[in-house]
Amino acid sequence: MRHNHNEGRGYGCVICQAAITTDDHRGLDRRALLAAFAAVPATGLIAAPAQSHAKVARQQRGSLIVEPSWTLVWRDGKPELLRDHSVVIEGDTIVRISEGRIDGENRRIAMPGQLLVPGLISAHTHTACGSPTRGLIESGGRSYSRPLEIMETLDDADLDALTAYNLAELLRSGCTAQVEQSVSLKQAQSYVRVARRWGVRGFPGGMVPGWRRVMPIWRRSDDKALFASVADTLSEIDANLAFALSVNGAEEGLIRPMMAPHGPETHTPDTLRAVAKAALQLGNGIHTHLATSPGDSERIRKLWGKAPVQWIDEFGFYEQRLFGAHMTGWDAVSDAPFLAKKPHFTFAHCPSGAGAGSGQSNQPFIEALGAGFNSAVGVDTHSNDMVENMKLALLYGRARHSLIAGTSPVPVKRPSVADMIAAATLHPANGLGREDLGRIAVGAKADLASIDVSGLLVGPGFAPPEPLNNLLYANGMAVRNVMTAGRVQVLDGRLTVDDEAHVIARGATVVQRIWRQMFDEGWFA
């Protein structure tokens, strides 16, 4: 049977808002903090279990059948639901979609009450930065900057433990691929090490300028700091390109690095030309913050004569695949029709950027839908729950539509559930130029996630008749099974590519150590 469906003031993410503060924070209880930090061993991390990198990365994949209650496919850009179909996987590819159960002795995963969706794709992440900053800044009055500064001092083992914890969260929420802007080359290298070990699909790049250099340039009092930074920024571009080329296409194509400039506000014409040239050599596109805040956009306009969205066109950014995040500081009247003519551009909307409750509804998701240019959802930094971020995009979008639809100077569209799902699957895949991702179809890669739409808090106790609507009551904890390129990474809600308890314990130890140092510095006072 087939069922057709046709259906504040925050200016960005942790990286975009590290120096912006408000004044309504109350300090945490000192004794509670001391007790928490006292539990952390003063010596090193729990030792990682020994395992061969090559063995883990190249685990053999045979034939597998998955049997969900519902399967989401795309037909002519619209979602269509298939009831009680079997999806057959050979190696890393979907080879058959058949009604009913397929007989035989094949390996199979039964998914009663679950909706099978394409693996979710986050269009903008800073993976390792999630858990060290989460829960510290949501009440205002604090900068994200200090935890990230300390992260840059970690050795590879500690940084990999932090990356693994956050990447496990992304997998647990059904996110099989990330357009990743690591905040430094060091963090990009860590991301690649963990992604290769677990078979994660990644499009990573080290942010340029990296975290050690970006804040004095970005929050400069005059432009001398910007012009003085050019030589070092060009060196960073070269170093990031060299690393990207060394891993480009690794793990049978799972790793496809991009060039990742911080944003136009921290660059000059010389460095932007260098980014575009490096990206063309690498061949996978560019990923950047874009028009992050009105203040950033005004500074660029005064300095270079154009606002950022159209200024970067002078350097060939739109001639290749480009992901631009946030755009709270865009000029809707001139930029919406401009971007609608740029077929390689994808807007990355990050509804939980800058922390929960930060007001990211101001990002122009409904204007992007109204203008018709490619729009996707990214988790950004703090919430690694891709299902939750999909929901926030829809809920913020509908609330904002009700407020501005009658007064907006450009067309806006009230997001549908189909828009929500497309923004986490089909649209980012199209932005990456990957017709084999973001969809369940014969010949597509077996990047898949199943979500329980029947159980407590989400469904009625059985497979519901319109399961896409039930996603509005789900979150990442409702995700039951996840695979990338046919490799099962989460099975019945448990991480299978590593010892889950060990990943949690090691990641926790690193964050506690970072926070202990901040406590000693008086940051929590």
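Okay, let's start with Gly-324, which is buried, at 0% relative accessible area. Keep in mind that this is a predicted model.

So where does this glycine sit? Gly-324 belongs to strand E12, which covers residues 322–326. Looking beyond its sequence neighbours, up to four places away, Gly-324 touches Thr-288 and Leu-290, and also Phe-345, Thr-346, Phe-347 and Ala-348. And then there's His-287: it's 37 residues from Gly-324 in sequence, but in space the two C-alphas are 6.2 Å apart.

Next up, a pair of helices. H9 runs over residues 230–247 and H11 over 269–282, and they pack with their axes 10 Å apart, at an angle of about 10°. An angle under 35 degrees counts as roughly parallel, so that's what we call H9 and H11. Who makes the contact? On the H9 side you've got Val-230, Thr-233, Leu-234, Ile-237, Leu-241, Ala-244 and Leu-245. Across from them, H11 brings Asp-270, Thr-271, Ala-274, Val-275, Ala-278, Gln-281 and Leu-282. If you sort the residues of that contact by type, you get 10 nonpolar, 3 polar and 1 charged.

Are Cys-129 and Cys-175 buried or exposed? Cys-129 is buried, with a relative accessible area of 0%, and Cys-175 is buried too, at 0%. As for disulfides, the count for the structure is 0.

That's what I have; over to you.

Terms used:
Residues are numbered from 1 along each chain as its sequence is written. This is a predicted model: local features need pLDDT of at least 70, side-chain atom pairs count only at pLDDT 80 or more; totals for chains, interfaces and linings use all residues. Side-chain values use heavy atoms; hydrogens and water are left out. A disulfide is a pair of cysteine sulfur atoms within 2.5 Å. Buried means under 20% relative accessible area, exposed over 50%, partly exposed in between (1.4 Å probe, protein chains only). Helices (H or I, at least four residues) and strands (E, at least two) are DSSP runs, numbered from the N terminus. Contact means heavy atoms within 4.5 Å. Axes are lines fitted to C-alpha atoms, for helices over the stretch in contact, and angles run from 0 to 180 degrees between N-to-C directions. Angles under 35 degrees count as roughly parallel, over 145 as roughly antiparallel, 65 to 115 as roughly perpendicular and the rest as oblique. Ala, Val, Leu, Ile, Met, Phe, Trp, Tyr, Cys and Pro count as nonpolar, Asp, Glu, Lys and Arg as charged, and the others, Gly among them, as polar.
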